[in-house]
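Work through the exercises below with the structure open beside you. Try each task before reading its solution.

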Amino acid sequence: MILRLVVRTAALAVAATAVVFAATELLPGDAGQLRTPGRASAEDIARERERLGLDRPAAVRYLDWLYGVVRGDLGRSLSGGRPVAALFAERLPATAVLAAAALAVTALLTAAALGVTYLRGGRGGSAATGLAAVPQPVHAAVLGAVFAGLLGWLPAVSLLPPGASPLTEPEVLVLPALTLALPSAAFATALLRGALGDALRRPHVTDARLRGLPAPLVLRRHVLPFLYVPALQVTALLAGGLVAGTALVETVFGYPGTGQLLVSAVAVRDVPVVQAAALLPAVVLLLGMLLADLAAHRTASAPHATRGTSTAVPQNAGGSL
Amino acid sequence: MTQPSFPHAPASRRSVLTALAALAVLPLSACSSSDGSAASAESSASAAPADGGTLRYAATGSPATASDDPHGGLGNESDILRFALVYDVLTLPGEDGGTRPRLATSWKPNETLDRWTFTLRKDARFTDGTRVRAADVLYSLRRIADKAAENYGRLADFDLDGSTAPDEHTVVLATRTPMADAPRALESVSFVVPEGTEDFSRPVPGSGPYKVEGTSSRTSVLTRNDDWWGKRPHLDRIEIQAVADPQARANAVVSGQADVAGSVSPAAVKSAGTSARTQVVRREGVTEYPFVMRLDTEPFDDPRVREAFRLAADRKALVDTVYLGYGRIANDLPTPYDPSTPKDLPQRTRDVEKARRLLAEAGHEDGLSVTLHTTTSYPGMDTAATLYAQQLADIGVEAEVKVEPADTYWTAVYAKKAFYTGYYGGISFTDLTRVGLLSDSPTNETAWRSDTFDDGFDRAMATADDTERQELLAGIQKELWEDGGYVVWGTGDGLDLAAPGVRGLPDGPGFQRMFIDQVWLDR
């Protein structure tokens with residue numbers, strides 16, 4: 001069972017990179033061509049393609065890349081010639097810190113929203129649904145206008161001075177993290193509200209209430225165990241989504257993470273960089289899902305909460321992040 | 001994605017050659033005292049420059065196009081800025097449009113203007129202590145030429161195999177054809193590295209005013225090179241940040257996180273303009289979005305159609321809408337800022353009646369449908385096309401605006417489609433002619449093929465006398481004004497945003513803005 005889950009995770013990760021590779025392949029133009037506009041002759045372009053190895057068939061290039069990844073070699077950037085691993089090493093810490101901060105804020109906001117729902121007996125929550133429907137750029141613009149423009153509490157852009165890290169300049173994290181967390185929290189609340197409602201409608205919860213047990217105790221003993229697995233699954237989805245979805249906030253706030261690297265690499269068809277940038281969130285998401293599944297597996301085989309996974313979150317829900 | 005942002009500056013009205021002649025007769029001592037550092041526009045001439053401080057510069061740049069190689073594609077302004085401070089170049093664009101000496105102190109052509117002797121400074125040293133020799137210069141120029149495919153054939157008009165270094169401080173550069181403006185072609189981008197340098201992944205010794213303390217795809221920290229031969233720079237440190245989004249760059253200055261934001265959009269300047277916390281540096285004639293018509297494709301093969309399309313343009317409305325007023329109207333000549341621009345041509349103005357009549361004469365009395373391609377590579381390109389399409393409707397032309405992806409526009413649309421929105425970033429008339437207006441030009445985007453034009457250009461390039469040459473160049477532009485494939489409605493200013501205390505930012509043409517070694521902070 002566990003082995004099957006691990007194999008499935010690895011297979012999905014490979015499949016994800018194949019899809020990204022194919023999608024990049026479908027875009028018009030390649031790195032050789034886009035690097036050589038202006039006065040380059042057809043021979044110049046052909047030579048550049050050969051130098052970059054772009055004259056080989058797509059399948060060969062993909063398998064070559066995959067073989068490299070298995071050996072721990074992410075290849076070199078087609079446009080700058082730098083090792084892809086080094087490019088990521090420069091920017092990954094910033095994105096990881098941002099995603100972690102956003103995830104923490106998401107968890108707090110979601111818990112608060114669900115707490116309100118619980119106290120209102122499972123009703124309400126349309127505000128969360130509404131917030132989830134607002135596009136991310138609007139969140140960014142409104143938050144920026146209020147906190148940086150109107151109030152002047154926070155920096156309008158999140159540039160990191162040379163040598164600084166987001167940990168030494170935590171104030172630059174606030175706007176990007178909030179921009180990411182608001183829609184994520186709304187999304188998580190919308191998903192988990194169903195699970196909470198289901199749990200609250202269970203006979204033993206009603207029974208516990210009728211017996212006069214205090215609300216916090218009912219929550220801890222009779223409701224939370226049913227939310228444990230769905231919450232883990234939602235967290236896994238969100239973690240993958242947050243790592244993959246930082247491109248917009250990084251651009252708007254000038255925050256130097258991997259999202260900007262991905263966007264600019266797509267623009268110049270820098271396939272090795274795009275592939276690595278796609279691999280990262282795929283792996284985070286899949287590992288998260290794997291952990292959630294393993295947890296569910298453990299919970300399910302435990303004698304007490306046999307129906308713990310009954311309100312599993314739709315697996316494809318991450319697409320809306 | 002960047003399209004050729006040709007680095008060349010308009011030459012001065014004052015003759016390049018006159019300046020050369022003057023330099024040639026100057027005694028050597030006078031030459032070496034001449035300060036070859038970047039000319040700067042003093043925003044406030046009153047105070048004496050103060051030394052010290054750190055300048056934080058947010059420049060255009062995205063991580064995937066970041067490069068350490070000064071001879072390649074130069075996709076990021078953040079990288080060019082670093083190269084301009086760390087390496088020496090042979091010549092610089094001057095304040096008045098003329099070519100100024102830097103590593104090259106003087107130059108002299110042969111009779112036929114196809115062999116140029118450049119004399120180099122003797123006191124330039126790389127940061128590792130070795131002298132800068134002619135061999136280093138020749139090696140660097142050859143390396144640029146070898147990378148022609150990446151750098152738009154920047155030195156394609158030089159024959160570097162036929163060029164030599166007769167002694168330690170002299171290079172003799174051969175050009176493929178007579179080339180009266182050769183010193184200008186070397187301005188700004190002729191970055192000199194030690195001979196044999198191939199690996200740029202580690203900092204390479206330069207001979208410029210600053211040296212690299214640390215660099216990544218996101219930031220560079222430069223410190224003053226106290227052993228530089230030129231006028232001592234004022235700033236101790238320059239921190240360069242690559243920021244892709246123009247609004248984020250502008251915000252960085254407004255909120256005090258950067259001192260300078262390079263190349264921001266007119267909209268960003270307008271929104272920051274009300275603030276007392278910023279100053280605006282305007283560089284004239286930097287952006288141009290001409291509408292390009294191919295003469296070998298219907299309906300633009302008919303000169304009456306081209307004339308009608310030019311008469312349809314409401315130039316002031318376009319400048320006001322696209323550049324938000326930070327620009328000026330133009331007269332269908334692709335390089336209106338160039339000193340060779342003819343002065344005696346009447347300004348074309350909007351004439352709907354005449355345009356309709358011309359279209360009817362050309363057989364389009366029942367209207368005409370065309371597709372106008374555009375993209376979002378540079379701010380306002382799409383706005384320009386949309387507004388012009390509305391203006392064309394007034395003369396009975398139905399223009400469908402097609403906004404193409406910026407990634408592939410310069411390979412799939414530029415110099416290929418019959419009617420599209422182009423871009424020029426301050427290219428000189430002679431450069432534009434070589435790349436796009438001669439019968440055998442590699443990207444002849446208007447399919448302009450004229451024997452009288454070709455002959456006139458060759459004659460001009462073989463003419464040593466500057467006034468005479470500019471007259472010849474002005475003459476062939478009249479033909480272009482009459483009959484060419486360009487609708488040039490205006491040029492926009494290059495715009496930089498800076499904190500109030502920043503002084504001496506260059507506001508000259510082309511890449512001159514990158515040479516910020518004499519900037520200082522007034523605190």
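This is a predicted model: local features need pLDDT of at least 70, side-chain atom pairs count only at pLDDT 80 or more; totals for chains, interfaces and linings use all residues.

**Exercise 1. Describe the interface between chain B and chain A.**

Step 1. Count the residues. Here 37 residues of chain B are in contact with 40 residues of chain A.

Step 2. Take the area. The two chains bury about 3,300 Å² between them. Carbon and sulfur atoms carry 59% of it.

Step 3. Find the leading contributors on chain B. Ala64(B), Ala149(B) and Arg218(B) supply 18% of the area that chain B buries against chain A, more than any other three residues.

Step 4. Check the polar links. The count of salt bridges between chain B and chain A is zero. One residue pair is in polar contact across the interface, with both residues at pLDDT 80 or more.

Step 5. Assign elements. Strand 9 (219-224), strand 10, helix 6 (246-254), helix 12 (406-412) and helix 13 (429-436) of chain B each give two or more residues to the side that touches chain A. Helix 12 of chain B has the largest share, four residues.

Step 6. Sort by residue class. That side of chain B divides into 15 nonpolar, 14 polar and eight charged residues.

**Exercise 2. Identify the strands that pair with strand 1 (residues 54-59) of chain B.**

Step 1. Start with strand 10 (residues 237-242) of chain B. Six bridges join strand 1 to strand 10, and the two run parallel. Within this pairing, Thr54(B) has Arg237(B) as its bridge partner.

Step 2. Go on to strand 11 (residues 260-261) of chain B. Two bridges join strand 1 to strand 11, again in parallel. Here Tyr57(B) is partnered with Val260(B).

**Exercise 3. Compare two annotated segments of chain A with the model.**

Step 1. Read the record. An unreviewed UniProt entry lists "transmembrane region" for several stretches of chain A, including 172-192 and 226-253.

Step 2. Inspect residues 172-192 of chain A. They are 100% helix and 0% strand, with end C-alpha atoms 30 Å apart.

Step 3. Inspect residues 226-253 of chain A. They are 93% helix and 0% strand, with end C-alpha atoms 39 Å apart.

Note on methods. Residues are numbered from 1 along each chain as its sequence is written. Chains are lettered from A and ligands numbered from 1 in the order in which they are written. Side-chain values use heavy atoms; hydrogens and water are left out. UniProt positions are given in the numbering used here, feature names are shortened, and annotations may be inferred rather than shown by experiment. Two strands pair if DSSP finds at least two bridges between them. Contact means heavy atoms within 4.5 Å. Buried area is the accessible area (1.4 Å probe) that two parts lose on being put together, summed over both. A salt bridge is a side-chain nitrogen of Lys or Arg within 4 Å of a carboxyl oxygen of Asp or Glu. A polar contact is a pair of N or O atoms within 3.5 Å; within protein, one must be able to donate a hydrogen and the other to accept it, and residues adjacent in sequence count only if both atoms are side-chain atoms. Ala, Val, Leu, Ile, Met, Phe, Trp, Tyr, Cys and Pro count as nonpolar, Asp, Glu, Lys and Arg as charged, and the others, Gly among them, as polar.
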